Amino acid sequence: MIKFSLILSFIIAISILKVSSQSAHHLSQPSSSHSIFLRSTAGHQGNYTWQMKRADDSNNNGKEISSVLNHPTGWQPAIIPGTILNSLVANKTYPEPYYGDNNRRSRKLIPDITDAGREFYHYWFRTEFKIPPSFQDKRIWIKFHGINYRCDIWVNGKNLGKMAGMFNSQSFDITDIVNRKAENVLAVDILPVDNPGSYYKPGQSRAGAVGENHNGGDGEIGKNVTMLMSVGWDFTAPDGIRDRNTGIWRDVELYATGDVILENAFIKTKLPLPDTTSSKQTISVEVTNASNQQQKGILSGSITENNINFQKNITLAANERRTITFSPEDYKQLIISNPKLWWPINKGKQNLYTLALKFISPSQTISHAITTRFGIREISSDQNTPDQSRRFYVNGQPIFIRGTNWVPEAMLRNTEERTYAELRYTKQAGVNLLRLWGGGIAESDYFYQLCDQFGLLVWNEFWLTGDTRFPSDTALYFKNLTSTVKRIRNHPSVAYYVASNESKEIPGTEHLMKQLDPTRGYQEQSECCGVHDGSPYKYENPMQYFENTASHRGSRVDGFNPEYGTPCLPIVESLKAMMPEKDLWPINDSVWNYLDGNGFHQMTTKYNEAVNQFGKSSSIEEYAKKAQFIGAMNYRSIWEVWNYNKFSYGDRYTSGYLFWYHNSPLPQTASRLYDWYLEPTAALYYSQNGLAPLHPQFDYLKNTVSVYNDYRKTFNNYSVEAMLYDLNSKLISAQQKNINIPADGVVNDALKITFPDTIRQVHFIKLKLKDGQGNVVSDAFYWRSNDKYKGAWSMTGPAVSGFEEINKLAKVNLGLKHTLKRINDTYFIQATVTNSTNTLSFFTQLKLNDALGHSIHPAYYSDNFFSLLPGETKVVTIEVSAQYIQDKQAHLIIDGWNAIPISHLLK
């Protein structure tokens, strides 16, 4: 079993890398219509053979290594884009870090850069390429979209130059170097970060935010412009990633243009708020003459959706670089009447426009053409609130932020499919803002494109934290910041710039930001300017969320909280892929805690205690099912507590909050809405319920029912119903109230539920919200015990303790029907589940498995882990890529707490 799980974990990791080449999108935006990405056959199924060799083991210099006459020996396959350690793991030099505690530094299975020395992860990379026929008679460029950390680049024995910093992209003109009819050789000398840092040791002098968990190692990694969390944090590998993610981590692109190139187009939109019936667009683009001769031509542009065209005659001196601007004052067609606005989720449509620019030479040849998508919207924020907390506005409308903190994949094993899956789950959950936490990375172009499409606002931070020191090279920091802001500033989803996490800015940052992008707000750090400090972070009794006592720092459900969250254990299939059987059950605290940031989120202590409130488990399968009850309860409770206190509707003012944290950067016991394997937990579906735009909700402390509205419209003549059932599904009481729901508001405490003294220890609540015609618009299901809440920091109360009686639920035999339909490369499965018995089906789960019984993921279920009362029917839509079930024996399975398993062969 141990060997099988190890193989399974490795296969999952590599297969996720391989699938990227099948996507219609790329993580990096192409620089030209004549463009190819030099992705490796290893890991990506690309068309290029990349090899790598440690610099110490190579006796050649860059000129020799990049020579077409050189026939290298002793080189090993490399994954590009990727990191050195990912390639070494794929080549079986080192074991899979994502299995058990293989990555634990003290085990010394994988050398840490601090112990082995920086030269240990200093490597040469090499590949060969040909110039496509379509590139003939054009100027040819090679672009590195991202390396970590320093590199020297060679082509055909010629040195192109150097790069530094993790978030800088750079193009090199190779027109006069390449052979257009034969093979060419690219060689890259990659060096790790200058200051790798080390795991924190007690007694060391170090940087660090007050009260934090000794994150960021000894703080030295902050002297680089890099992914700071790679040295270790309590939400990822606590003692770091062994190579600090050294490598060519983003795409290498070969592209062709004429002599005049266009870069960094920028569209500034302006609405005369509160009026939104017109919009002024100002368009600029950097135009460069790459030749040593004067160039003349026409710079032409269009906004295709509105058939808007504009142009300007341009003359460029040899090697001249100039920014050309088209203003609405000079080009009246750039004033758009009745624009289709871009809105975040629940507030309106995500309308997008396309800007196309091209430079046309006198011979009517197009030298270079680029396109970019943009949205017409205006985002602002202020502190004109009762408590001076920051409040955000889109198109003049206040937005209650129900957001989350995004952290990147720990070893940069990212792909188009992973990016899509994570953001698809995020949209499904219903959050409206992603904070890109300051110790992470600058995300991919594809990430922002999807945020634009899904209506997800983005708060961008820039690689500084209170736990780490500041970059030694300020100029390099600003160069990386400039490259990143120019890359992302056209995305309507980008809402706010923040320099650092819990620290300060580097002097000069605000001035540079305003030069690069004056259309967005800025603050120097994550806990200032109307945003207070965060917490709680760990598992806590959900009763304390309702009571607002879940943090030792005092009230946290007020104002704007940037970090407030809880974990959820993964489903059993993921746990089995994560660690050896011997560590899985009985629970090996050492391994489970290592996979929980050294036990930071209390998975083997308080979370375990909460699971055991449903009775002691006899197997990991039983334990993992019960653990989903805990994650579901805590996630939804957090969302609902903040719903209740939206703006001024509750008993205090709140303007928003960000869940800490959103996604699992690696396999971990303290998982989230979905785990690293892209398997959703119950937390996803109970977040989807708690964040529904119209949502009836129950308060475990007050025993009241409220209704939340996230839409910008009122709903009159609605009704809310509350039904109380005992363990045997007997209806104990029912009540109903007619309500008018204010626009973007809350009807608090519409009903109060009274629980009879004679009710069973465990019972259930079903809420329904109906429109004026009696149609159910939204519903919610709750489980509750009779246990009394004995106050903060106890593990007592009707939301957390006294649930052993749940084991007395009788088994139910559910009905299952399904239909299967294929549209292009996607299968849609409609599953209809019916409970014709007299007993509740609690936490009913639908699964897709392959012929070997392995879970198929990612798969997108419209709902899951749902409960069905007697006589109820649930229709669930499942969307899955055809590659996973085409010509395979895939099965649709019903599982659940007390449902008898059913399996249907998909056909």
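This report covers aromatic pairs and charges over rings in a predicted model.

Residues are numbered from 1 along each chain as its sequence is written. Local features need pLDDT of at least 70, side-chain atom pairs count only at pLDDT 80 or more, totals for chains, interfaces and linings use all residues, and side-chain values use heavy atoms, with hydrogens and water left out.

**Aromatic pairs**

Rings of Phe, Tyr and Trp (its six-membered ring) pair if their centres lie within 6.5 Å; planes under 30 degrees apart are stacked, over 60 edge-to-face, the rest tilted. The count is 65 aromatic pairs. One of them joins Phe 400 and Phe 647, edge-to-face. This pair links distant parts of the chain, 247 residues apart. Phe 400 sits in the loop between strand 21 (397–399) and strand 22 (401–406). Phe 647 sits in the loop between helix 15 (620–644) and strand 28 (654–659). Helices (H or I, at least four residues) and strands (E, at least two) are DSSP runs, numbered from the N terminus.

Phe 400 is buried at 0% relative accessibility. Phe 647 is buried too, at 6%. Buried means under 20% relative accessible area, exposed over 50%, partly exposed in between (1.4 Å probe, protein chains only).

Trp 660 and Tyr 661 also pair edge-to-face. Trp 660 is buried at 5%, and Tyr 661 is buried at 0%.

| Pair | Centre to centre | Angle between planes |
|---|---|---|
| Phe 400 – Phe 647 | 5.5 Å | 75° |
| Trp 660 – Tyr 661 | 5.7 Å | 70° |

One aromatic cluster includes Phe 614, Tyr 685, Trp 783 and Trp 897.

**Charges over rings**

A charge sits over a ring if NZ of Lys or CZ of Arg is within 6 Å of the ring centre and within 35 degrees of the ring normal. Arg 424 sits over Tyr 860, 4.5 Å from the ring centre. Arg 636 lies over the face of Tyr 782, at 3.8 Å.
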